[in-house]
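Colleague: I have just opened this one and could use a guided look. Could you walk me through it?

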Amino acid sequence: APPTNTPTSLHISHRVAMGYAGYAPGQKVVLRTPCQEYLRLIKSDKSLEIMEKLVRNAAQAPAEEKFRMIRLTNEKIAAAITNVPGAKEAMVEMGWKEEGDCLVLPTGKTMTMREVRELAETRATLKKLEDEEFKKKIAARNKASTAQNPDKARLLAEMAADRAEQKARGPVTQGSVAVPKGNGAHQTAAGAGCSGTSGG
């Protein structure tokens, strides 16, 4: 049975039906299947990677019996699926059936690239969330460091002000122009007071 904190199909349908009255006009309502809800519980890219590989093998070689059974007691599988909240449940929602210490694909049931793409998209979403969380931690650490260093804070403020001023002035469109010296007339050495002979 699904965990109490994970919505079933009935819960999802009820939530969506209620949402139309509660959401502002034009706001997008995201529908998630029970499988997608279970996948969202998985916070390990390694688990999703192994699940994607298992499902891909079953989709690409549906007649291969070795790809139609997953032993949950296998050390690698246990770490990636059996002991990871949402992982085994997601596989069951895809069509795998738990029999003893194994997950098996019943006769007539096959995996498709749709399930593979779903797992790949879940991995991409998790990676994006991890990257955003990492950036937040770096920004918080930099902010704390700046707060402890007044000189650094002042320097950063001055640099930001300089950038804003340069942006406000816009790009420089006129190049530098050479300024001639004197009246611009050509002079010979004699005219400049120099003789052509040396010494004396």
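Colleague: Which helices each supply at least two residues of the lining of the largest pocket?

Modeller: Bearing in mind that this is a predicted model, helix 2 (34–41) and helix 6 each give at least two residues to that lining. The largest share comes from helix 6, which contributes six residues.

Colleague: And how much space lies in the largest pocket?

Modeller: The space in the largest pocket comes to about 410 Å³, and 14 residues line the pocket, with Arg32, Gln36, Arg40, Thr122 and Thr125 lying nearest its centre.

Colleague: Take Thr122, then: buried or exposed?

Modeller: Thr122 counts as buried because its relative accessible area is 16%, and the cut-off for buried is under 20%. Thr122 sits in helix 6 (residues 113–147), where, leaving aside residues up to four places away in sequence, Thr122 touches Leu39 and Leu48.

Colleague: Changing topic, how many salt bridges are there by this rule?

Modeller: The count comes to 10 salt bridges. One of them joins Arg56 to Glu52, with the closest N and O atoms 2.9 Å apart, and since these two residues are four apart in helix 3, about one helical turn separates them. Arg56 is partly exposed at a relative accessible area of 28%, whereas Glu52 is buried at 10%.

Colleague: Which residues are linked with Glu52 and Arg56 in a network of salt bridges?

Modeller: Asp45 and Arg123 are linked with Glu52 and Arg56 in that network.

Colleague: What about Arg71 and Asp101, where do their side chains meet?

Modeller: They meet in a salt bridge, at 3.7 Å from N to O. Arg71 belongs to strand 1 (residues 69–71), while Asp101 is in the loop between strand 2 (97–99) and strand 3 (102–104), so this pair ties together parts that are 30 residues apart in sequence. Arg71 is partly exposed at 40% relative accessibility, and Asp101 is partly exposed as well, at 34%.

Colleague: Stepping back, how many helices and strands does the protein have?

Modeller: The protein has seven helices and three strands, and from the N terminus the order is α-α-α-β-α-α-β-β-α-α. Of its 200 residues, 24% are buried, and the protein exposes about 14,800 Å², of which carbon and sulfur atoms supply 55%.

Note on methods: Residues numbered from 1 in each chain as written. Predicted model: local features only at pLDDT ≥ 70, side-chain atom pairs only at ≥ 80, totals over all residues. Heavy atoms only, no water. Buried < 20%, exposed > 50% of the residue type's maximum accessible area, 1.4 Å probe, protein only. Contact = heavy atoms within 4.5 Å. 1 Å grid on protein atoms, 1.4 Å probe; cavity = no way out; pocket = protein on both sides within 12 Å on 5 of 7 lines; lining within 4 Å. Points joined across faces, edges and corners; volume = space filled by probe spheres on them. Areas by Shrake-Rupley, 256 points an atom, 1.4 Å probe, with all protein chains shown as cover. Salt bridge = Lys/Arg side-chain N within 4 Å of Asp/Glu carboxyl O.
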